[in-house]
Amino acid sequence: MFSNFDFDVIQRSWFYLFTTGMKFTLTLTVVAMIGGILFGTVLAMMRLSHNKVISFVATSYVNLIRSVPLVLVIFWFYFLVPFIGAWITGASQPVQVGAFSSALITFILFEAAYYCEIMRSGIQSIPRGQISAGYALGMNYWQMMGNVVLPQAFRNMIPILLTQTIVLFQDVSLVYVLGSVPDFVTVASKIAQRDGRLVEMYMFVAVVYFVMSFGLSTLVKKLQQRVAIIR
Amino acid sequence: MHYNWNWGIFWQESPDGVSTYMDTLLAGLKWTLALSISAWIMALIIGTVIGTIRTMPNKWAVRVANGYVELFRNIPLIVQMFLWYFVMPEIVPAGIGNWLKSLPNASFVTAFLALGFFTSSRIAVQVSAGINALPRGQKLAGTALGLTLPQTYRYVLLPMSFRIIIPSLTNEFAAIIKNSSVALTIGLVELTAATYSMREFTFQTFESLTGATVIYVIISGIALLLARWLEKAIAIPGFIASGSANTGGH
């Protein structure tokens with residue numbers, strides 16, 4: 001079964017795979033996580049707003065994004081971003097924004113819808129008394145949110161936010177459909193096709209993803225036990 | 001910067017000369033639904049078995065089931081598709097491998113296997129969470145009535161837990177429809193791939209993407225309505241379902 005398994009191709013390419021592909025995947029994951037959590041928190045606050053228009057806009061956005069596959073969203077933004085760029089800058093030709101920026105915009109906007117739901121349940125888990133107490137101390141809405149509700153909501157939600165980030169880390173592999181973005185899977189599959197070593201390469205990719213995701217989720221589980229607030 | 005909108009494109013003839021682009025999208029939709037529903041049935045069966053094993057008293061069985069879940073959860077779906085499509089035919093005996101490669105719908109079969117196993121691990125987690133959410137007395141009462149352990153699961157624990165996890169199973173069904181689009185990477189012309197090919201022929205990028213988006217939104221709307229109806233229809237009085245709110249995941 002593994003008689004003609006060629007480990008040599010992995011040995012030859014692993015350094016390149018990690019320094020380009022995995023570096024790209026991890027950078028995109030971390031930056032998209034930060035952007036996604038920030039934008040997702042704003043969306044969550046909008047969804048919980050008393051202003052009907054604001055909450056309707058945020059709710060529609062989240063529901064729309066959540067009912068469409070990521071692959072389709074990747075196509076949308078890949079073609080849409082150059083047009084929006086041209087519209088903003090007033091250029092007559094679509095603006096080429098580059099693979100990284102295009103993928104980054106896609107993942108921030110897509111994952112924000114998922115982070116939004118996590119933050120919303122985090123904010124809703126804060127007892128109402130905390131909000132009243134904030135106002136009673138003379139804080140305004142933003143001071144109350146920034147100093148009382150959001151820090152606690154973040155703390156409660158850290159494990160789930162990180163679990164979603166592991167999902168995001170795996171989702172980045174789908175930029176493969178564009179063919180031009182140098183993420184881990186795309187780079188590996190190019191080497192696999194060049195050398196005719198699909199079996200070895202894809203098994204290596206699977207093992208790397210498994211080890212990293214499993215390691216990260218084990219760490220998250222440990223963290224979850226540590227940050228749990230005892231009530 | 002302007003873009004030439006042409007919404008009439010859906011009714012124009014596609015390159016095959018007999019059907020319109022709308023038919024192309026609907027043919028893609030058929031593959032999406034066929035793949036999602038068949039993989040869903042497989043995932044539900046395997047997921048229930050593995051999820052049940054995860055709550056059994058036998059420690060080794062639990063470990064094997066947990067290993068199964070971790071294996072299929074921690075590898076991205078696209079990589080799993082590649083493993084089934086490119087790797088599996090090569091590492092099984094040559095006869096079976098060649099038979100697999102020559103199947104008329106090889107990409108459908110592999111996408112079905114990949115999606116089915118991938119989703120089964122996620123359903124397994126939900127099934128065991130549902131069983132663990134039941135009061136301990138349910139199991140004790142079952143055995144006290146003289147039921148064997150399999151009977152307790154069959155008549156008491158599983159029917160109860162399935163009603164509890166209906167909301168998360170609905171989310172999972174919505175997810176499997178979306179995840180089926182990954183099958184385009186191994187050459188299945190499902191809805192997203194049909195959209196992409198329509199775009200390549202017409203260059204009406206945003207119309208074709210909008211067409212697919214609208215279809216996906218309609219399907220998930222229907223799935224949501226069905227789930228609400230199902231939740232109400234089979235609710236057990238006195239047990240409040242955990243609510244449809246889903247936070248993370250896909």
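This is a predicted model: local features need pLDDT of at least 70, side-chain atom pairs count only at pLDDT 80 or more; totals for chains, interfaces and linings use all residues.
**Helical architecture, inter-chain aromatic pairs and an enclosed cavity**

An unreviewed UniProt entry assigns residues 22-220 of chain A to the feature "domain: ABC transmembrane type-1".

Residues 67-89 of chain A are 87% helix and 0% strand, with the end C-alpha atoms 31 Å apart. Residues 201-220 of chain A are 100% helix and 0% strand, and here the distance between the end C-alpha atoms is 28 Å.

Chain B comprises 10 helices and zero strands, so that the order of elements from the N terminus reads α-α-α-α-α-α-α-α-α-α. Along the principal axes, the C-alpha atoms of chain B occupy a box of roughly 70 × 50 × 35 Å. Chain B has 250 residues, of which 49% count as buried. The feature "transmembrane region" is placed by UniProt, again in an unreviewed entry, at residues 31-50, 71-88, 108-131 and 209-230 of chain B. The span 71-88 of chain B is 83% helix and 0% strand, and its end C-alpha atoms lie 16 Å apart.

Over all chains, the structure holds 26 aromatic pairs. One of them joins Phe75(A) and Tyr196(B): the ring centres are 4.4 Å apart and the planes meet at 25 degrees, so the pair is stacked. This pair crosses between chains, linking helix 3 (residues 70-89) of chain A, which holds Phe75(A), to helix 9 (residues 191-202) of chain B, which holds Tyr196(B). The two partners fall into separate accessibility classes. Phe75(A) is buried, because its relative accessibility is 2% and the cut-off for this class is under 20%. Tyr196(B), with a relative accessible area of 25%, is partly exposed.

A further stacked pair is formed by Trp76(A) and Phe206(B), whose ring centres are 5.9 Å apart and whose planes are at 15 degrees. This pair, too, crosses between chains, from Trp76(A) in helix 3 of chain A to Phe206(B) in helix 10 of chain B. Both residues count as buried: Trp76(A) has a relative accessibility of 17%, and Phe206(B) has one of 4%.

Within chain A, one aromatic cluster is made up of Trp14(A), Phe15(A), Phe18(A), Phe169(A), Phe184(A), Phe204(A) and Tyr209(A). In chain B, arginine side chains are placed over aromatic faces. Arg199(B) lies over the face of Tyr196(B), at 5.9 Å from the ring centre; the ring of Tyr196(B) is also the one stacked with Phe75(A). Arg63(B) is positioned over the face of Trp60(B), with a distance of 4.7 Å to the ring centre.

The loop between helix 9 and helix 10 of chain B contains Phe203(B). Although it is not a glycine, Phe203(B) has a positive phi of about 60 degrees. Its relative accessibility is 58%, so Phe203(B) counts as exposed.

Rolling a probe the size of a water molecule over the atoms shows where empty space is left. A search of the whole structure returned two cavities of 30 Å³ or more. The second largest cavity holds about 40 Å³ of space. Its lining consists of Ser67(A), Ala174(B), Ile177(B), Lys178(B), Tyr216(B), Ile219(B) and Ser220(B). Two or more lining residues are contributed by helix 8 (166-179) and by helix 10 (205-233) of chain B. Classified by residue type, the lining of the second largest cavity includes four nonpolar, two polar and one charged residues.

Methods
Residues are numbered from 1 along each chain as its sequence is written. Chains are lettered from A and ligands numbered from 1 in the order in which they are written. Side-chain values use heavy atoms; hydrogens and water are left out. Helices (H or I, at least four residues) and strands (E, at least two) are DSSP runs, numbered from the N terminus. On a 1 Å grid over the protein atoms alone, a cavity is a set of points where a 1.4 Å probe fits but cannot get out, and a pocket is an open set with protein on both sides within 12 Å along at least five of seven lines; lining residues have an atom within 4 Å of a point. Grid points are joined across faces, edges and corners, and a volume is the space filled by probe spheres set on the points. Ala, Val, Leu, Ile, Met, Phe, Trp, Tyr, Cys and Pro count as nonpolar, Asp, Glu, Lys and Arg as charged, and the others, Gly among them, as polar. Rings of Phe, Tyr and Trp (its six-membered ring) pair if their centres lie within 6.5 Å; planes under 30 degrees apart count as stacked, over 60 as edge-to-face and the rest as tilted. Buried means under 20% relative accessible area, exposed over 50%, partly exposed in between (1.4 Å probe, protein chains only). A charge sits over a ring if NZ of Lys or CZ of Arg is within 6 Å of the ring centre and within 35 degrees of the ring normal. UniProt positions are given in the numbering used here, feature names are shortened, and annotations may be inferred rather than shown by experiment.
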